[in-house]
Amino acid sequence: MALRNIREMGDDVLAKVCRPVAEMTPRIKELIEDMLDTMYDANGVGLAAPQVGVLKRIVVIDATTDEEVAQGPYILINPEIIETRGEQTGQEGCLSVPGKAGMVTRPEYVKIKALDVDMHEFELEGTELLARAICHELDHLDGHLYVEKVEGELMNVVTEENSEEA
């Protein structure tokens with residue numbers, strides 16, 4: 001499909017609360033496909049609709065790492081956290097805050113309910129990276145960035161792109 005521009009910190013759309021999706025339309029299906037393409041192109045783990053300028057409660061996540069079996073992609077429409085347990089602290093970054101990272105404490109376990117692309121309700125449980133990604137992306141739907149939760153200072157991160165320029 002198409003790559004969309006990722007909105008960056010300071011853009012007003014990132015501070016707004018998103019509206020629920022009432023029905024699946026061809027336009028929303030296209031948005032979801034574009035979000036997946038945009039997330040993968042940017043080497044992201046997740047992407048929320050407001051990050052591409054759309055104030056809808058839609059998130060895509062693919063928290064697959066080399067050490068584990070595939071965890072996604074997940075398409076979450078109108079997601080809601082229904083249970084959390086424990087805590088984990090780790091480094092987070094965000095496609096809307098390029099070149100930066102910070103330490104954030106999140107739940108170790110998260111259970112959500114959401115709608116899939118066919119508007120059927122399902123539940124999803126996640127731990128570790130998936131739990132972190134779910135919480136991070138759902139924060140976007142309510143107008144919050146991870147930098148609000150950073151413990152200590154934001155750090156500069158070197159990406160492959162940046163290191164090639166040096």
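## A surface salt bridge

Glutamate 83 is partly exposed, with a relative accessible area of 29%; buried means under 20%, exposed over 50% and partly exposed in between, with a 1.4 Å probe and protein chains only. Arginine 85 is also partly exposed, at 46%. The two side chains meet in a salt bridge at 2.7 Å, N to O. A salt bridge here is a side-chain nitrogen of Lys or Arg within 4 Å of a carboxyl oxygen of Asp or Glu, and by this rule the count comes to nine.

## Basis of the values

The model is predicted: local features need pLDDT of at least 70, side-chain atom pairs count only at pLDDT 80 or more, and totals for chains, interfaces and linings use all residues. Residues are numbered from 1 along each chain as its sequence is written, and side-chain values use heavy atoms, with hydrogens and water left out.

## Sheet and helix

Three strands form an open antiparallel sheet in the order 4-5-8. Strands are DSSP runs of E with at least two residues, helices are runs of H or I with at least four, and both are numbered from the N terminus. Two strands pair if DSSP finds at least two bridges between them. Strand 4 (88-94) and strand 8 (151-156) are the edges, each pairing on one side only.

Strand 4 pairs with strand 5 (residues 97-106) over six bridges; threonine 89 has threonine 105 in strand 5 as its bridge partner. Helix 2 lies across strands 4 and 5, at about 55 degrees to strand 4. Axes are lines fitted to C-alpha atoms, for helices over the stretch in contact (heavy atoms within 4.5 Å), and angles run from 0 to 180 degrees between N-to-C directions.

Glutamate 92 and arginine 106 are both buried, and their side chains meet in a salt bridge at 2.8 Å, N to O. Glutamate 92 is in strand 4 and arginine 106 in strand 5, 14 residues apart.

Arginine 106 also forms a salt bridge with aspartate 139, at 2.8 Å, N to O. Aspartate 139 lies in helix 2, so this pair ties together parts that are 33 residues apart in sequence. Shared partners join Glu92, Arg106, Arg132, Asp139 and Lys149 into one network.

## Nonpolar cores

A nonpolar core is a set of buried Ala, Val, Leu, Ile, Met, Phe, Trp, Tyr and Cys residues joined through side-chain atoms within 4.5 Å. The largest has 20 residues, of which Val59, Ile61, Leu76, Ile112 and Ile134 touch the most other members. Helix 2 supplies its largest share, seven residues. Apart from it lies another core of 16 residues, including Met39, Leu47, Ile58 and Ile75.
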